[in-house]
Amino acid sequence: MLRSGYKIEVSTERDQHRRIPQKWVRHVAVGTLSAEKVAVRSKVEILLAGDDTVRALNHQYRLQDTITDVLSFPGSQDDNEFPEFSVSHNDIGQVILSVPQAKRQADEAHIDIKKEAAHLIVHGILHLLDYDHENTTDGKLMHSRENAILYELADFRPHSSTRGIHGSE
């Protein structure tokens with residue numbers, strides 16, 4: 001496991017506590033921040049949630065009344081568009097992952113849920129670091145970074161085939 005000065009806070013909704021180990025989540029988050037050369041002492045909050053929580057947040061903040069796999073809320077938002085939490089200059093933001101959706105996607109792709117969760121965590125953190133996939137060029141860059149980070153952390157390249165993220169933000 002990587003050691004670092006990053007502060008990774010992982011919370012798990014009660015009914016999701018055994019599906020994805022928090023130690024793995026921290027490892028993936030630290031590996032992503034390290035790969036992107038983010039300043040130490042930076043903080044990311046990650047919630048391993050159920051579909052109901054993710055759907056409610058997706059509806060409230062993105063006006064989409066659907067389940068999605070991962071949501072990212074940057075800590076640098078100056079408006080009321082995103083959930084409020086205490087922000088310091090080192091807060092990168094929050095990532096909320098739907099554990100049941102990750103499981104469905106893992107089953108569909110015939111991979112372990114830990115690999116799918118790692119993919120979604122990396123994806124969510126990259127969004128916090130201003131990566132996006134709104135156009136082809138940006139999408140290729142983001143997918144390239146995901147592949148590089150995930151290959152290093154989990155010997156996994158999610159974008160080596162036609163597989164992709166299903167509605168992530």
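This is a predicted model: local features need pLDDT of at least 70, side-chain atom pairs count only at pLDDT 80 or more; totals for chains, interfaces and linings use all residues.
Local features require pLDDT of at least 70 and side-chain atom pairs pLDDT 80 or more, while totals for chains, interfaces and linings use all residues. Residues are numbered from 1 along each chain as its sequence is written, and side-chain values use heavy atoms, with hydrogens and water left out.

**Helix packing**

Helices α3 (residues 99–109) and α4 (residues 113–128) pack at about 120°, their axes being 8 Å apart. Helices are DSSP runs (H or I, at least four residues) and strands likewise (E, at least two), numbered from the N terminus. Axes are lines fitted to C-alpha atoms over the stretch in contact, and angles run from 0 to 180 degrees between N-to-C directions. On the α3 side, the contact (heavy atoms within 4.5 Å) is made by Val-99, Ala-102, Lys-103, Gln-105 and Ala-106; on the α4 side, by Ile-113, Glu-116 and Leu-120.

**Aromatic pair**

The structure holds one aromatic pair, formed edge-to-face by Tyr-61 and Phe-73, at 5.5 Å centre to centre with 70° between the planes. Ring centres must lie within 6.5 Å to pair; planes under 30 degrees apart count as stacked, over 60 as edge-to-face and the rest as tilted. Tyr-61 belongs to helix α2 (residues 51–62) and Phe-73 to strand β3 (residues 70–74), so the pair ties together parts twelve residues apart in sequence.

**Charges over rings**

Here NZ of Lys or CZ of Arg is within 6 Å of the ring centre and within 35 degrees of the ring normal.

| Charged residue | Ring | Distance from ring centre |
|---|---|---|
| Lys-114 | Trp-24 | 4.7 Å |
| Arg-157 | Tyr-151 | 3.7 Å |

Conventions:
Rings of Phe, Tyr and Trp (its six-membered ring) pair if their centres lie within 6.5 Å; planes under 30 degrees apart count as stacked, over 60 as edge-to-face and the rest as tilted.
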